[in-house]
Amino acid sequence: MKVTKKALVSAVAAVLGLSCIYARDMKISFENELKSDIVSITKDGDESKTKATGIVDSAKVEFESDKIEATLELEFTVDQNDDDKGRVYWSDIDYGFVFHPVEMIALGWHAGLETEGSVLPIYDDNLESGELGSSGFTFQVTPVEGLRLAVSVPFGEGEENCNWTNNKDAADFNICFGAEYAMADRFVLGATLRNAIDEDNRSIGAFVSATPIENLKVNVGFTKAEAGDGFDDLSMSEAFGVEGKKLLNGYFEYSLDKISFAGEVLYSLDDKDGDYDFYGAVAAECSVTENIAASLEGKFLFDNSLDGLKPVAGGKLSAKYSINESNVISAGVKFETCDGNTYAAFPVAWTYSF
């Protein structure tokens, strides 16, 4: 995301202003995570390299009341570039506001409003095709209980990110539609049509999130995106991903008293672009004691082409300790291998929340 000082100041001012107006019924939550991979150790052929990975600090604040929902996320990084030059920079800034003038209507600014079935929780993001809203303006109506209908006009900051209304030489006008229906806390059905007029960037998505039995959750979805969808940083090293014009996604999660299991997949039906076609991840977490939990995660990427990219396999083992309700620390090791080349790092994190 392109970040400017003007965008940051505007977002902060809007959040603070809204929080003051609705302070009486406002619920506020805050989370700050300070993390680092300490060092990365890579082996590429006969060459090995050890490099400090830097430090990342991310903060997220959420405001919620009967009238508004607002989120502000800020992240900065201290690290070195490829020439070993030290730097400090904003690595991510995101925000979103939703205003409910009446109960059945919601107005959204820079709010994606994704449908549940489009989320890959292990990766911790959702497919763009699963967003009912956009980075621009969204009008949402709830005509009956459980049903959301949305129309959105996407745009960004600056002329290069504008949505042209009458400039056919540049691009068609972009408009997005979305619908979601939740049935008795058991099923959530979502459908989207994004960039409906612009055939070069048009996408459709159909998604289902279900809780068929207690403690089991399942997400499935299909995306057809003319400009492509997916992610390029799904692996442990964040160097490999799956992208394509036709995608299938899936996720399941099952939890018991002290242990939970999860798995997710992203599969591209396009096998001509040279990217990986299949991504799979599995995760398990166990509560060892009231304050200590251990987790194990594995990730795999495959290319269906006969002479395509070599498979990628990686894993992560970590433990976290809850000092109290607000403070959690974690540490672990992650690794990855691809065609004889390897990658390893040692993630640690401290999370503060209230």
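User: In which loop is the place of N195?
Analyst: This is a predicted model, in which local features need pLDDT of at least 70, side-chain atom pairs count only at pLDDT 80 or more, and totals for chains, interfaces and linings use all residues. Residues are numbered from 1 along each chain as its sequence is written, and side-chain values use heavy atoms, with hydrogens and water left out. With strands taken as DSSP runs of E of at least two residues, numbered from the N terminus, N195 has its place in the loop between β13 (187-194) and β14 (203-210).

User: Is N195 buried or exposed?
Analyst: Buried means under 20% relative accessible area, exposed over 50%, and partly exposed in between (1.4 Å probe, protein chains only). Because its relative accessible area is 14%, N195 is buried.

User: What is the phi of N195 near?
Analyst: Most residues other than glycine have a negative phi. N195, a residue other than glycine, has a positive value, and its phi is near 50°.

User: Which residues does N174 touch, not counting residues up to four places away in sequence?
Analyst: N174 lies in the loop between β11 (147-153) and β12 (176-183), and it is buried, with a relative accessible area of 17%. Taking contact as heavy atoms within 4.5 Å, and not counting residues up to four places away in sequence, N174 touches V153, P154, N163, N195 and D198.

User: What is the relative accessible area of N215?
Analyst: N215 is found in the loop between β14 and β15 (216-231), and it has a positive phi of about 75° although it is not a glycine. N215 is partly exposed, with a relative accessible area of 39%.

How values were computed: Helices (H or I, at least four residues) and strands (E, at least two) are DSSP runs, numbered from the N terminus.
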